[in-house]
Amino acid sequence: MTDTTRANKRIGLVLSAVPGYSETFFTNKISGLQAHGFEVQLFVTDQSGVIPDVLDCRVQTAPFFKGSAFRVLCTSSWVLLKTILCQPVRSFRHFQLDRSVGFSFSASVKRLIKNAFLLEESLDWLHFGFGMLAVGREHVATAIQARMAVSFRGFDLYLSPLKHPNCYDLLFTKNVQYHVLSEEMKGDLQANGVLESAITVITPAIDVTFFNSKPNTTELEGNSKVQLITVARLHWKKGLEYTLEALAVLRQAGVDFHYSIIGTGEERERLVFAAHQLGIIDAVTFMGQLPPEAVREQLAKSDIYLQYSIQEGFCNAVLEAQAMGLLCVVSDAEGLQENVLHQETGWVVAKRQPQLLAKQLVEVIQLSADDKEATSIRAIRRIRDDFNLKKQQAAFLAFYNT
Amino acid sequence: MKTSLKIAIYSGEIPSTTFIERLISGLVGSGASVLIFGILREKPRYSSGVTVVGYQLNRFAKFWHLARYTLLLTLFKRGDKKRFDVYLQQQQKTDLYTKVKCYPVLWHRPDVFHLQWAKGLADWVWVQDFGMKLVVSLRGAHINYSPIADTALAAMYREYFPKVDGFHAVSEAIGLEAQTYGAHPEAIHVVYSGLPASEMEAEMEAGIEPVVKPKNLPAKPFQIVSVGRPHWKKGYTYALDACKLLKEKGTLFEYTIIGGAHVVDYQYQIVDLELDNEVRLLSQKPFNEVQRLILNADLLLLSSVEEGIANVVLEAMALGTLVLSTDCGGMDEVIHDGETGFLVPIRDAQALADAIIAITSLPTAAALKIKKQAQLKIKEQHSEALMTSGMMRLYEGLFVGS
């Protein structure tokens, strides 16, 4: 239903690419805002892609500054001329703001060229979907007289500054409303000097009508093979090598299991070799990427969900597994500790310690059916109550109405 | 037996890696005439015994290269060209790049075609149909883990390994691994990598000095160094986990990874484990600088999960620096635990930390003995002269009785 009192609010959302159908976070957010009368304008910095039909919004793509030096020169000159002629006040303001914080003349011109495509629209909010997208664009919102918002994911907050030291120094001096995924991230942002009042925690959410199952009451003891599963990109930050080491310990303890990993990525060779070298390759299946229906089907066949990540903002996959009634064992990486409540809705194990993970898994496997069911029910209830899409949409409405 | 062999060394690029370049110079010194095919990355600087048949990586150079050898073959070896073109059609490899690569080899027709990287074997089995002997080097990743993760590659090895005339194995261990893909044991020749005589003499001499200098003083951190590209097979995550254990035990140390700079997973692990003051990541260094850093270190650490035989270990042993290595690949063929260095199991941070602690308290006389034994081992097993004579025996053996 449209909330007519908000019909005049226009939000510009800056992303690196148009969100695909499966990227529920952005698609849900956009459709939720539209349903409440907000007008959403997408700005895409890297590639255009295809806009999902469900998202009825305009897309503005950044100019392409790659190719030969001559081509880059021509594109840059055209963009600069166009923005000076079409948006003289905003362009001048952007330039002046950059100069006022010490950027040289040429650097300020370059930043103006890079950001010119963002100066064309009149917006109430300019919201950068990732922290790194706001780097180099710290003055755009002020230049167009919009409010500025920045969402931080785990990768942005914890890994990007290692690769680009001090990259957020200028951003953190600006009047920005921040959206983070967890209380842990909020604390870490505060440690960087950001005021508590400028930070809003809005956790990820899932479609609880899609990921919906009965509580887990499977008897895991005895001769039955324990079905373990993880849904993750094959990336170092997912801690899958440590997971495999823990499973090698589990096998030494005499536990009969099968482990399925759903996902693809650059670390496949590393992980297949690790499973081989650890002597558990016969008990591990690398399933590759699967569509949501197939993921749900695999979750429904599994007993325990593992997410032993090294670094994790929050993790939707763990929410989905809990909603499906799986017993979840996760690491204590950042937001995971809030995603799963230790010994209440699952189990949290210190990261990078495969021996501890194996010990915890043995304990979970040996739990009574009643204890398992109780944990599973608590997890399902909490996900349905606290991590549903409706609640997330309401949180974003409140965010933009601050 | 042929008196003067014409040997093609093929790695695809000119110049190639250090150890392949050492092989080339060694073979020329033994009186063989060497042909090198491939892409010219730099202007070649070889002695008179080397014929370079290369092309630069641009369309014009490739076209000229192809046109030249097409013309030569058409004019003077029409029958061979026709037969080879039929073969390419049968294999559905009629693309121009294949011809750019293969026509020059068909024209020069060396006695031995020595392929350095086994993954490319399917492209070169045809040389045997034209009277050339096919030799394949068995090196690290190509044998030890790639075919485990890549079933198509494993199938290709199983099809062609039984047909290869000779294998150059960089260690006994990798030779055994190749047999699992059907390589005939009698075709496998272990020829260890060799250090040049001039460098080894200088290194041996220089290596005496750090042996007698005072070490392990309480106030001086124990200096540990690793050298290598930032690849997962180097096992640096285990080395860093071991550093955390060392710190918890109160061991005073500094750990340097040469070649590990700007790698975000290492950077994150260092921050995560609070090792900022103990660990430093350096970018890749010139050979002499690496040698200096190894010479100044108390311990060279090889934390790999897979290796043929790591050259950096040979260098360190020759320099008189203690080596702690994981027991992977052929490392136990050069390091005998407690005699020429120290060995610990793979994927075991605790074992690494325990070994380092034990090494820090090693009496000077015991350390000196191990260093001398290590230097002797290198001299007896890893000289360039031995490598060259071993390779020549391999090549000449292919023609015995013919």
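In which kind of crossing does α12(A) pass α15(A)? In this predicted model, α12(A) goes past α15(A) in a left-handed crossing. The residues that make the contact are A:L319, A:Q322 and A:A323 on the α12(A) side, and A:A379, A:I380, A:I383 and A:R384 on the α15(A) side. Sorted by class, that contact comes out as 5 nonpolar, 1 polar and 1 charged residues. Two packed helices are described by the angle between their axes and the distance between those axes. Here, helix α12 (residues 316-323) and helix α15 (residues 369-386) of chain A pack at about 120 degrees, and their axes are 8 Å apart.

Stepping back to chain A as a whole, it has 16 helices and 13 strands. Its C-alpha atoms fill a box of roughly 75 × 50 × 40 Å along the principal axes. The radius of gyration of chain A is 24 Å, which agrees with the value near 21 Å that a compact globule of 402 residues would have. Of those 402 residues, 42% are buried. As for contacts in chain A with a separation of 6 or more, 68% of them are between residues 24 or more positions apart.

Next comes the place where the two chains touch. Chain A puts 15 residues into this contact and chain B puts in 13 residues. On the chain A side, α7 (154-163) and α10 (268-277) each supply at least two residues. The largest share of that side, 7 residues, comes from α10(A). By class, the side of chain A that touches chain B splits into 6 nonpolar, 3 polar and 6 charged residues.

Chain B also has a few backbone details to look at. Most residues other than glycine have a negative phi, and most peptide bonds are trans. A cis peptide bond, with omega at about -5 degrees, links B:I14 to B:P15; B:P15 sits in the loop between β1 (6-14) and α1 (18-29) of chain B. B:H262, which is not a glycine, has a positive phi near 60 degrees, and its loop runs between β9 (253-258) and α11 (264-272) of chain B. Another positive phi, about 55 degrees, turns up at B:R347, again not a glycine, in the loop between β13 (342-344) and α14 (349-360) of chain B.

B:R347 is buried, because 21 other C-beta atoms lie within 10 Å.

Definitions and conventions. Residues are numbered from 1 along each chain as its sequence is written. Chains are lettered from A and ligands numbered from 1 in the order in which they are written. This is a predicted model: local features need pLDDT of at least 70, side-chain atom pairs count only at pLDDT 80 or more; totals for chains, interfaces and linings use all residues. Two residues are in contact if their C-beta atoms, placed from the backbone, lie within 7 Å. Helices (H or I, at least four residues) and strands (E, at least two) are DSSP runs, numbered from the N terminus. Ala, Val, Leu, Ile, Met, Phe, Trp, Tyr, Cys and Pro count as nonpolar, Asp, Glu, Lys and Arg as charged, and the others, Gly among them, as polar. The radius of gyration is taken over C-alpha atoms; the globule rule is 2.2 Å times the number of residues to the power 0.38. A residue is buried if 20 or more other C-beta atoms lie within 10 Å of its own, exposed if 12 or fewer, and partly exposed in between; C-beta atoms are placed from the backbone. Axes are lines fitted to C-alpha atoms, for helices over the stretch in contact, and angles run from 0 to 180 degrees between N-to-C directions. A crossing is left-handed if the near helix is turned anticlockwise from the far one by less than a right angle, and right-handed if clockwise.
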